[in-house]
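Dear colleague,

I am passing on the structure we spoke about, with the sequence alongside. Please look it over before reading my notes.

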Amino acid sequence: MTSPQTHTPQQIAVIGTGYVGLVTAAGFAELGNDVWCVDIDAEKIARLNRGEIPIYEPGLAECVARNSERLRFSTELGPALDHARLLFVAVGTPPTYSGDADLSAVHAVVNAMPATDRHALVMKSTVPVGTGASIKREFARQGKGFAYVSCPEFLKEGAALKDFMEPDRVVVGDDGDWAGQAVCDLYAPLGAPLVRTDIASAEMVKLASNAFLATKISFINEIANVCEETGADVAEVARGMGLDRRIGGHFLRPGIGYGGSCFPKDVSALKQLAGNSGYHFQLLTAVIEVNELQKRRVIAKLQKHLGSLVGKRVALLGVAFKADTDDMREASSLVLAARLQADGASVAAYDPVAAGEARTLMRGVEFADDALSAVEGADAVVLVTEWAEFATLDWAAVRERMAGDLLVDGRNFADRDAVLAADLRYEGIGRS
Ligand code: NAD
């Protein structure tokens with residue numbers, strides 16, 4: 001991590017202590033600030049006050065412990081308002097049935113604010129373009145002199161703390177009042193490129209960035225599918241493409257579709273936002289459809305080798321939407337397991353971190369305590385999440401435990417030579 005420049009410590013508040021809120025709070029505390037954390041989830045606050053970290057995020061527990069004197073956790077807003085002027089909002093904005101963002105938690109925060117003119121709401125939650133303007137109108141209607149800043153968050157789960165400390169950029173959208181400058185000053189020690197802009201543009205930077213990344217994933221997934229038809233190897237293709245600086249090598253890894261709490265909902269929210277404004281965003285419609293089909297292509301790969309899946313046993317290695325997180329929101333494994341069960345297969349699974357949450361979401365799936373137990377008696381194994389421990393899995397031991405001999409590598413992550421040497425059949429994504 002970069003060593004932060006010195007600055008005058010501030011007192012700030014963070015409302016919502018989930019993946020973004022807790023990391024933001026810990027990060028600002030690491031920079032020397034006092035952070036008042038507020039959440040309506042009393043159990044979560046009780047755990048945090050006992051020193052427990054409710055989510056899995058590398059380095060977060062250590063960072064919170066290191067800064068415990070600068071971090072306070074409460075369900076009460078009052079003390080935060082007394083001490084802090086900048087109130088960072090990091091509550092959830094999940095998708096609604098219509099595909100729009102559900103802003104009820106954001107509105108609950110707005111409505112809970114008292115009539116003062118010395119505070120500012122700093123929006124870290126991902127919200128549709130226009131939300132800031134409508135919140136400002138609402139504050140004015142309620143006679144609250146709150147300032148408003150859009151400061152979207154770009155961290156990645158699994159590397160969230162590092163992303164906080166070393167952001168590619170900090171985006172601050174404001175109306176040029178005291179609060180925008182105060183947010184810039186707070187982030188200044190990180191030395192990151194600053195994009196100071198208007199509120200609507202800041203909101204759009206976030207949605208457009210996630211939509212572009214999702215587009216890149218769906219694009220390489222389609223290239224992978226064409227590679228399978230034509231005999232090319234997508235890993236070679238991606239390497240050759242990625243060295244072109246106009247394209248870049250990131251997000252050119254094919255797989256079984258993007259998931260998680262951000263891409264699916266943010267892409268859908270932008271598509272919906274465009275539609276609500278009278279514009280049909282055709283490209284995003286395709287991005288979403290490609291992603292849905294990609295999750296299901298694993299079924300066709302299994303059928304190609306096993307025929308009917310009725311009575312077959314399939315083991316899933318990893319279920320989290322990506323490695324280094326316990327987040328199961330929109331994980332591709334949820335669709336995969338449900339499709340396998342619908343086709344008559346029994347499903348076993350192992351995940352080193354996400355199993356607890358996954359158990360409640362994946363009914364009928366047998367969870368094992370380790371990878372070798374999960375593959376016991378399996379006709380096929382699907383590598384779903386690129387957990388580091390799967391890179392060094394003893395594939396000969398896997399083969400011994402299995403009833404069948406098929407590995408579908410949904411992330412092109414396993415060492416193909418080692419898999420083949422263990423007398424397993426290997427089926428990757430976009431590799432002939
Ligand atoms: P989360 O569900 O993990 O956390 C949200 C927290 O807000 C929960 O602890 C919840 O109890 C709390 N909360 C809800 N209503 C509240 C209220 N009225 N007052 C106080 N607390 C309240 O969500 P998250 O993943 O941290 O995401 C938060 C926002 O950040 C979303 O808009 C998301 O799109 C965006 N975002 C998320 C990520 C990510 O990787 N998770 C990255 C960038 C941006």
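Below are my notes on the ligand site, the aromatic pairs and a few loop residues.

This is a predicted model, in which local features need pLDDT of at least 70 and side-chain atom pairs count only at pLDDT 80 or more, while totals for chains, interfaces and linings use all residues. Residues are numbered from 1 along each chain as its sequence is written, and side-chain values use heavy atoms, with hydrogens and water left out.

I begin with the ligand. It is surrounded by 28 residues, of which the closest are Asp39, Lys44, Thr93, Glu157 and Lys265 (a residue is near a molecule if one of its heavy atoms lies within 4 Å of it). The shell divides into 12 nonpolar, 8 polar and 8 charged residues, where Ala, Val, Leu, Ile, Met, Phe, Trp, Tyr, Cys and Pro count as nonpolar, Asp, Glu, Lys and Arg as charged, and the others, Gly among them, as polar. Each of domain 1 (11–197) and domain 2 (233–427) contributes at least three residues to the shell, the bounds coming from an automatic or database domain assignment. Helix 1 (19–30) and helix 5 (104–112) each supply at least two residues, and helix 5 gives the most, with 3; helices (H or I, at least four residues) and strands (E, at least two) are DSSP runs, numbered from the N terminus.

As for polar contacts (pairs of N or O atoms within 3.5 Å; within protein, one must be able to donate a hydrogen and the other to accept it, and residues adjacent in sequence count only if both atoms are side-chain atoms), an oxygen atom of the ligand is 2.6 Å from an N or O atom in the side chain of Thr93. A nitrogen atom of the ligand is 3.4 Å from an N or O atom in the side chain of Ser261, and a ligand nitrogen is 3.5 Å from a polar backbone atom of Ile40. The protein covers 88% of the 840 Å² of accessible area that the ligand has on its own, as given by the Shrake-Rupley method with a 1.4 Å probe.

Turning to the rings, the structure holds 10 aromatic pairs (rings of Phe, Tyr and Trp, the last by its six-membered ring, with centres within 6.5 Å; planes under 30 degrees apart are stacked, over 60 edge-to-face and the rest tilted). The centres of Tyr350 and Phe390 are 6.1 Å apart and their planes stand at 70°, so this pair is edge-to-face. It links distant parts of the chain, 40 residues apart, with Tyr350 in strand 10 (residues 346–350) and Phe390 in the loop between strand 12 (380–383) and helix 16 (395–401). Both Tyr350 and Phe390 are buried (under 20% relative accessible area, with exposed over 50% and partly exposed in between; 1.4 Å probe, protein chains only). Ring pairs also join Phe28, Phe88, Phe164 and Tyr187 into a cluster.

Finally, some loop residues. Asp370, in the loop between strand 11 (366–367) and helix 15 (371–374), has a polar side-chain atom 2.7 Å from the backbone nitrogen of Ser373 and one 3.2 Å from that of Leu372. Most residues other than glycine have a negative phi. Asp324, however, has a positive phi near 65°, and Asn412 has a positive phi near 50°. Asp324 is partly exposed, with a relative accessible area of 34%, whereas Asn412 is buried, at 15%.

With best wishes
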